[in-house]
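Please open the model in the viewer and keep the selection tool at hand.

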Amino acid sequence: MSPLAITFVLAMALSFSILMFFMRPEASSKSTRQRLVTIQDSVRPHNAGTNGSELEQREQRTYSARLGLLLEPCRFGKKLKVLLIHADSSLGIGGTVISSAGAALACGLLSFLFLRILLLAAAAALAGSAVPFGLLGLKRGRRLKAFNTALPDAIDLMARSLRAGHSMGSSIELIAEQSPEPLAFEFVQVFQQQRLGLHFRDALLQMGTRVPSRDLQFLITAILVQKETGGDLTEILDRASYVIRERVRIEGEVRTRTAQGRLTGWILGLLPVVMLVLLNIVSPGYSTILFHDPTGQKLLYAGGALILIGGLIIRKVVDVQV
């Protein structure tokens, strides 16, 4: 591959990265948009699920607003919207799709320029298109883990506040002031929605929509059932906190015991690729026959498929639900 082609690809990738960096929403305006979202949700009907207005406020003034509005009615747009809400991302539907297309184009061009094999370039483009969605999944996972970690302490704080004679609204305000993020932000929204006239039940259900946490769903169900049937709410909260802590403890033990299996999966999946790259660095042209000979290409396809199947099997084995 000529130096001119390499320079062109690198310049294109750098330009795309700089464009995405400067077109992202400013951090200073994010909190303002979030407050506007809370007010808008409280003064007009809001349906649970994928009809939230968080992403509408975030995309109104971005360059990808038209693309986001075009994709929003379809099934893919709705699923992506839910993912963005759960990850608390400010990129938006259109921005995510454009990022995916840019990553796919860059990976596909680089693979084709280096390997000159159309099928491998298509596979690389497909893998590159999944990078933004994978990053959103990681962000959602980190946010959910931080939320679940802080939730038992927040429940204990709510129970102590109720025992001290505070109302439920005051207890939620106390959690919003003294809890870490992202739990504090979610309870701030619930408290503000209540102050603006939204029903307590609807505010809790909206928080459950924004945060896909089983522990939070358990807490919301316990509170709403107590509101309907009566009973000692502080005792219910104490039991909920105990159950959540035990589940988190057992989940941590399971992850510790399955850590070796996950590490084995990563090593077995990445070792052939890493060794192929190292062999070509030490001895250039060593694996040329694999990429240009028809039999070698078939062996590469078969090896990649077997690595993928093995990784999925190992993941299924070590993925123990608690």
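Is F133 buried or exposed, or does F133 fall in between? In this predicted model, F133 counts as partly exposed, with a relative accessibility of 25%. The value lies between the limits of 20% for buried and 50% for exposed.

The rings of F76 and F133 form an aromatic pair in edge-to-face geometry, with 6.2 Å from centre to centre and 70° between the planes. The count of aromatic pairs comes to 1. Because F76 belongs to helix α5 and F133 to helix α8 (residues 131-163), the pair ties together parts 57 residues apart in sequence.

Now select helix α5 (residues 75-87) together with helix α6 (residues 93-115). These helices pack at an angle of about 100°, and their axes are 10 Å apart. Helix α5 is therefore roughly perpendicular to α6, since angles of 65 to 115 degrees are classed in that way. To view the contact, display F76, G77, L80, K81 and L84 on α5, then I93, T96 and V97 on α6. By class, this contact comprises 5 nonpolar, 2 polar and 1 charged residues.

Finally, select C74 and C107. C74 is partly exposed, with a relative accessible area of 31%; C107 is likewise partly exposed, at 30%. How many disulfides does the model contain? The count comes to 0.

Key. Residues numbered from 1 in each chain as written. Predicted model: local features only at pLDDT ≥ 70, side-chain atom pairs only at ≥ 80, totals over all residues. Heavy atoms only, no water. Axes fitted to C-alpha atoms, helices over the stretch in contact; angles between N-to-C directions. Helix = DSSP H or I, 4+ residues; strand = E, 2+ residues; numbered from the N terminus. Parallel < 35°, antiparallel > 145°, perpendicular 65-115°, else oblique. Contact = heavy atoms within 4.5 Å. Nonpolar A, V, L, I, M, F, W, Y, C, P; charged D, E, K, R; others polar. Disulfide = S-S within 2.5 Å. Buried < 20%, exposed > 50% of the residue type's maximum accessible area, 1.4 Å probe, protein only. Phe/Tyr/Trp six-rings, centres within 6.5 Å; stacked < 30°, edge-to-face > 60°.
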